[in-house]
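Thanks for coming, everyone. Let me put the chain on the screen, and then we will walk through it from the whole fold to single residues.

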Amino acid sequence: MTFRAGRTLLLTGFEPFHTHPSNPSAAAAEALNGVILPGGLRIHSALLPVEPHAARARLLPLLSELRPDAVLLTGLAAGRPQVTLERVALNVMDFQIPDNAGKTYRDQAAETAGPPALLGTLPMRAILAAWREAGIPGDISNTAGLYVCNFVMYHALYILQTQGRAHVPAGFLHLPANAEVALAVAPDRPPLPYLPQDELTRAVRVAAGVLG
């Protein structure tokens, strides 16, 4: 795996999952790959599978070899009306839907050697302020769920901690549905709130800019 030299922000998104035809986090990560932020960080984007062990296997070399100066993980939270920063990752897997490998985990530890929870280290209030200044509504969430998003956030923080790099700003940003995801909802299901993909990508870029 070969990476460019210089200061780097690792930006991750997820592949589509469940009944969703696309994932706005993947679209945002793809659009922002290679962007150089005002502070000099270059965005290095990566797509993660929606399966916990495969996602960790993809994440570990990115953190170990890229050694990013900041880590911004993103995913889809269909049903939320605005972008949200996650405060904490729990050491629990309890899936309400199967992952993309068809597996469902109940009451299992994400990492048997890890603590019960890990707090994200992003400058959340500064990102909220930047969003507000940019005209983007956003908030802090106190639950990242117990699905693959939570698992990836937990493992990113845990890996950085075990590498002696707990000082690296790292955390998770959940995006609401985009139009494509909202249009795919069955007629007998409640409609999803959504934002245009360009606006979701802008929210990720503004958050990244605070880290850059």
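**Overall fold**

With 212 residues, a compact globule would have a radius of gyration near 17 Å, and the protein chain has 16 Å, which agrees. That radius is taken over C-alpha atoms, and the globule rule is 2.2 Å times the number of residues to the power 0.38.

Before going further, some ground rules. This is a predicted model, where local features need pLDDT of at least 70, side-chain atom pairs count only at pLDDT 80 or more, and totals for chains, interfaces and linings use all residues. Residues are numbered from 1 along each chain as its sequence is written, and side-chain values use heavy atoms, with hydrogens and water left out.

Now the secondary structure. The protein chain has six helices and eight strands. The order along the sequence is β-α-β-α-β-β-β-β-α-β-α-β-α-α. Helices here are DSSP runs of H or I with at least four residues, strands are runs of E with at least two, and both are numbered from the N terminus.

The C-alpha trace spans about 50 × 40 × 30 Å along its principal axes. Buried residues make up 50% of the 212. Buried means under 20% relative accessible area, exposed means over 50%, and partly exposed is in between, with a 1.4 Å probe and protein chains only.

Contacts next; a contact means heavy atoms within 4.5 Å. Take the contacts between residues at least 6 apart in sequence: 78% of them join residues at least 24 apart.

The accessible surface comes to about 9500 Å², and 54% of that belongs to carbon and sulfur atoms. Those areas come from the Shrake-Rupley method with a 1.4 Å probe; for residues, only the protein chains shown count as cover.

Charges, briefly. The chain has 16 positive and 16 negative charges, and their mean positions are 7 Å apart. Lys and Arg count as positive, Asp and Glu as negative; His and the chain ends are not counted. Each charge is placed at NZ of Lys, CZ of Arg, CG of Asp or CD of Glu.

**Helix α1 and its lead-in**

What covers the buried residues of α1? The cover includes β1 (8-14), β2 (42-48), β3, β8 (170-175), α5 (179-183) and α6 (197-211). The buried residues themselves, in a helix running over residues 24-32, are P24, S25, A26, A28, A29 and L32. Just after α1, G34 takes a positive phi of about 90 degrees.

Step back to S22, in the loop between β1 and α1. S22 counts as buried, because its relative accessibility is 13%. Its side chain makes a polar contact with the side chain of E180, at 3.1 Å. A polar contact is a pair of N or O atoms within 3.5 Å; within protein, one must be able to donate a hydrogen and the other to accept it, and residues adjacent in sequence count only if both atoms are side-chain atoms. Not counting residues up to four places away in sequence, S22 touches P16, N178, E180 and V181.

**The loop between β5 and β6**

N91 lies in this loop, between β5 (88-90) and β6 (117-119). Is N91 buried or exposed? At 11% relative accessibility, N91 counts as buried. A polar atom of its side chain lies 2.8 Å from the backbone nitrogen of A110. The backbone nitrogen of E111 also lies 2.8 Å from a polar atom of that side chain. Leaving aside neighbours within four places in sequence, the contacts of N91 include Q108, G114 and Y154.

D107 sits in the loop between β5 and β6 too. D107 is exposed, with a relative accessible area of 68%. Its phi is near 50 degrees, a positive value in a residue other than glycine. Most residues other than glycine have a negative phi.

R67 also has a positive phi, near 45 degrees. R67 is in the loop between α2 (52-66) and β3 (70-76), and at 44% relative accessibility it counts as partly exposed.

**Two arginines in helices**

R125 is in helix α3, residues 124-133. At 59% relative accessibility, R125 counts as exposed. Beyond residues up to four places away in sequence, R125 touches R87 and I140.

R202 lies in helix α6. R202 is partly exposed, with a relative accessible area of 31%. Leaving aside neighbours within four places in sequence, R202 is in contact with A134, G135 and I136.

Happy to take questions.
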